[in-house]
Amino acid sequence: MIRKAAFVYDDAMSSHVLSETHPMRPVRLRYTYELADAYGLFQPDHSTLVTPRAATVEEVTTFHTPEYINAVERVGQGDFSINPMEFNIGPGDNPGYEGMYDAAMLSTGGSMRCVDLLLDEGYDVAFNISGGLHHAMPGYAYGFCIFNDPVLAINEMLRRGLRVAYVDVDCHHGDGVQYAFYDTDRVLTISLHETGQFLFPGTGYAQETGTGRGRGCSVNVPLYPYTGDETYYWVLEQVVLPLLDAFRPDVLVSQLGIDSHYRDPITHLALTTQGFGKVVAEFAGKAPKWLALGGGGYDVQAVARSWTLAYGVMSEQNLDDAIPESYRSKYGVETLPDTEQLPDIVHKAQDDAKTFAEASVGAVQGLIFPTHGIRAG
């Protein structure tokens with residue numbers, strides 16, 4: 001039976017600007033919606049475009065402190081009588097800007113709306129491209145993230161007694177989500193990311209495996225710069241898929257950051273859109289319910305192509321390689337898959353990337369697999 005799919009979006013999600021020089025450009029969300037719409041992805045009866053709602057304060061306080069929430073609201077109103085730097089809001093990664101509270105509550109509410117759709121309205125998969133802000137901590141902003149919507153969505157699922165697996169394919173380690181669930185065995189967190197030796201936030205090593213009841217439920221696979229499609233998919237087969245099969249979650253939450261793309265300006269992995277799509281396809285059927293979230297991604301057209309392709313997978317619709325004329329003529333983007341020759345540095349790095357991945361996979365299999373009764377190899 002075909003999956004009932006929802007795509008959560010409204011232009012209000014993409015209208016704010018963090019700063020004129022900030023790499024996080026919310027307009028990428030509008031481009032994604034426009035491309036998906038150009039492909040006709042919302043026309044079938046089983047695929048629905050859904051308007052988000054704002055998160056409630058009660059939902060946000062399941063992870064964030066009242067003091068921090070209040071600070072975000074006041075800064076968003078232009079009230080700097082508090083010291084925003086106490087909450088890591090200021091010049092650099094996490095600038096204060098007019099309307100930031102409303103923007104963060106709507107982005108977060110998009111993920112909570114997905115939970116509503118999955119658990120109360122009979123949807124099988126729901127995608128909030130504005131979500132996946134996995135770095136935010138209880139009392140401070142971090143890594144472009146204000147509120148940690150993956151944690152808040154998972155908290156609601158836990159409240160309803162569900163077992164959750166979280167898989168994060170963003171180029172950056174999903175540190176905030178790991179922090180939230182480091183001591184529980186009700187959530188399996190898996191993060192595939194560029195090694196913290198070279199990239200923010202400098203965490204996510206294989207030895208970070210959880211504590212107490214959560215021992216063995218925190219999984220990290222650091223990857224070498226310029227890791228490409230073939231090695232990345234091999235890691236997925238060796239680590240992620242066996243763990244999902246063993247854990248048997250009620251809900252799969254996937255953070256689909258596409259700053260792992262080879263053209264991303266601030267990271268160093270080397271996935272193509274088609275390589276990313278092959279990874280996303282493996283998540284289908286791994287749990288009765290699937291919550292998909294956005295995340296990083298700073299080449300805006302790579303984001304639009306990758307997340308459109310991903311929603312095609314989720315909603316079981318085949319997309320032509322050629323970008324529809326209405327979008328192509330507006331933005332000059334020709335094809336959904338990447339067709340250009342990858343940079344020489346990517347090819348030169350592949351032997352080192354495979355060796356590094358083999359070491360990471362071996363460490364994870366040795367440290368994590370016994371907890372779940374999996375035999376390596």
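Beyond its neighbours within four places in sequence, Leu192 is in contact (heavy atoms within 4.5 Å) with Asp168, Val169, Asp170, Val221, Tyr232, Val235 and Val240. This is a predicted model, in which local features need pLDDT of at least 70 and side-chain atom pairs count only at pLDDT 80 or more, while totals for chains, interfaces and linings use all residues. Residues are numbered from 1 along each chain as its sequence is written, and side-chain values use heavy atoms, with hydrogens and water left out.

**Overall architecture**

- The protein has 11 helices and eight strands; these are DSSP runs numbered from the N terminus, with helices (H or I) of at least four residues and strands (E) of at least two.
- The radius of gyration is 19 Å, close to the 21 Å that the globule rule gives for 377 residues, so the protein is as compact as a globular protein of that length. The radius is taken over C-alpha atoms, and the rule is 2.2 Å times the number of residues to the power 0.38.
- Along the principal axes, the C-alpha atoms fill a box of roughly 55 × 55 × 45 Å.
- Of the contacts between residues at least 6 apart in sequence, 77% join residues at least 24 apart.

**Burial and the nonpolar core**

- Buried residues (under 20% relative accessible area, 1.4 Å probe, protein chains only) make up 61% of the 377 residues.
- The largest nonpolar core has 122 residues, of which Phe127, Phe147, Leu256 and Phe283 touch the most other members. Such a core is a set of buried Ala, Val, Leu, Ile, Met, Phe, Trp, Tyr and Cys residues joined through side-chain atoms within 4.5 Å.
- Helix α4 (residues 100-120) supplies the largest share of this core, 11 residues.
- Leaving aside neighbours within four places in sequence, the contacts of Phe127 include Phe7, Cys114, Leu256, Trp307, Tyr311 and Met314.
- In soluble globular proteins, nonpolar side chains tend to be buried together.

**Leu192 in strand β5**

- Leu192 lies in strand β5 (residues 187-194) and is buried, with a relative accessible area of 0%.
- Leu192 and Val167 are 25 residues apart along the chain, and their C-alpha atoms are separated by 8.0 Å.

**Gly110 in helix α4**

- Gly110 is located in helix α4 and is buried, with a relative accessible area of 0%.
- Not counting residues up to four places away in sequence, Gly110 touches Val8, Met13, Pro52, Arg53 and Asn128.
- From C-alpha to C-alpha, Gly110 and Phe147 are 12 Å apart in space, and 37 residues separate them in sequence.

Methods
Buried means under 20% relative accessible area, exposed over 50%, partly exposed in between (1.4 Å probe, protein chains only).
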